Amino acid sequence: MSKITELVHEANWKEEKHVPVIECPDQVKNGELFQVKVGIGKEIAHPNTTEHHIRWISLYFHADGDKFPFQVGHFEFTSHGESVEGPNKGSVYTHHEIAASVKLGKSGTLQALSLCNIHGLWQSEKVIKVI
Ligand SMILES: [Fe+2]
């Protein structure tokens with residue numbers, strides 16, 4: 001039996017459509033708000049259909065030297081074309097991209113984890129420096 005952490009996939013986002021892409025400055029000022037965007041399928045589009053879609057993205061921050069990461073936010077995507085008329089007949093689809101406003105007091109690593117309803121868990125990370 002595998003541990004769940006062994007089932008989390010990593011890959012190059014330019015070659016694999018499931019990898020969350022974290023976009024934010026490489027360097028920010030201590031205590032100053034900045035925006036972090038996380039999206040799936042930046043280079044190769046991921047489907048967004050009733051049968052195949054991204055369920056959620058969770059964003060974490062792990063400060064340098066800290067033992068534990070902290071969750072910045074959890075974002076659920078709950079509309080994928082569902083309808084009483086059948087799959088993909090609905091009029092609303094939540095796109096799998098988020099933006100969060102964040103401030104930091106220490107350098108560290110932003111980590112994103114996402115779930116595709118049929119292809120499982122995917123992660124990525126981005127180092128960010130606080131000056
Ligand atoms: Fe998928």
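**Close-up 1. The largest nonpolar core.** Of the 22 residues in the largest nonpolar core, those touching the most other members are Phe34, Val36, Val38, Leu110 and Ile128. Strands S3, S4, S6, S7 and S8 are the elements that give two or more residues to this core, and S4 supplies the largest share, five residues. The model is predicted, so local features need pLDDT of at least 70 and side-chain atom pairs count only at pLDDT 80 or more, whereas totals for chains, interfaces and linings use all residues. Residues are numbered from 1 along each chain as its sequence is written, and side-chain values use heavy atoms, with hydrogens and water left out. A nonpolar core is a set of buried Ala, Val, Leu, Ile, Met, Phe, Trp, Tyr and Cys residues joined through side-chain atoms within 4.5 Å. Buried means under 20% relative accessible area, exposed means over 50%, and partly exposed lies in between (1.4 Å probe, protein chains only). Helices (H or I, at least four residues) and strands (E, at least two) are DSSP runs, numbered from the N terminus.

Close-up 2. Val36 lies in strand S3 and counts as buried, at 0% relative accessibility. Contact means heavy atoms within 4.5 Å. Residues up to four places away in sequence being left aside, Val36 touches Ile22, Glu23, Cys24, Leu59, Ile98, Ala99, Ala100, Val102 and Leu110. With the same exclusion, the contacts of Phe34 are Cys24, Pro25, Val28, Ala100, Ser101, Val102, Lys103, Leu104 and Ile128. Between the C-alpha atoms of Val36 and Ile118, which are 82 residues apart along the chain, the separation is 26 Å.

Close-up 3. Seven of the nine residues of S7 are buried, and the strand is mostly covered. Two strands pair if DSSP finds at least two bridges between them. S4 and S7 run antiparallel and are joined by nine bridges; in this pairing, Ile54 stands opposite Cys116 of S7. Nine bridges also join S7 to S8, again in an antiparallel arrangement, and Thr109 has Val127 in S8 as its bridge partner. S7 and S8 form a hairpin, with three residues between them.

**Close-up 4. The iron site.** The protein donors of the iron ion are His18 (NE2), His46 (NE2), His52 (NE2), Cys116 (SG) and His119 (ND1), which lie 2.1 to 2.4 Å from the ion. The spacing of these donor residues in sequence is H-x27-H-x5-H-x63-C-x2-H. His18 is placed in the segment before S1 and Cys116 in strand S7, so this pair ties together parts that are 98 residues apart in sequence. His18 counts as buried at 4% relative accessibility, and Cys116 counts as buried at 2%. Donors are N, O and S atoms within 2.8 Å of the metal (3.2 Å for Na, K and Ca); water is not among the atoms, so sites may look incomplete.

Close-up 5. A search of the whole structure finds three salt bridges. The term denotes a side-chain nitrogen of Lys or Arg within 4 Å of a carboxyl oxygen of Asp or Glu. Side chains of opposite charge can pair when their charged atoms come close. In the salt bridge of Asp26 with Lys126, the closest N and O atoms are 2.5 Å apart. This pair links distant parts of the chain, 100 residues apart, with Asp26 in the loop between S1 and strand S2 (27-28) and Lys126 in strand S8 (residues 120-130). Asp26 is exposed, with a relative accessible area of 55%, whereas Lys126 counts as buried at 16% relative accessibility.

**Close-up 6. Salt bridge between Lys106 and Asp66.** The side chains of Lys106 and Asp66 form a salt bridge with an N to O distance of 3.1 Å. Lys106 belongs to the loop between strand S6 (97-102) and strand S7 (108-116), and Asp66 to the loop between S4 and strand S5 (70-76), so the pair ties together parts that are 40 residues apart in sequence. Lys106 counts as partly exposed at 39% relative accessibility, and Asp66 counts as partly exposed at 29%.

**Close-up 7. Salt bridge between Glu23 and Lys42.** The side chains of Glu23 and Lys42 meet in a salt bridge, 3.4 Å from N to O. Glu23 is found in strand S1 (residues 20-23) and Lys42 in the loop between strand S3 (34-40) and strand S4 (54-63), so the pair ties together parts that are 19 residues apart in sequence. Glu23 is partly exposed, with a relative accessible area of 33%; Lys42 counts as partly exposed at 47% relative accessibility.
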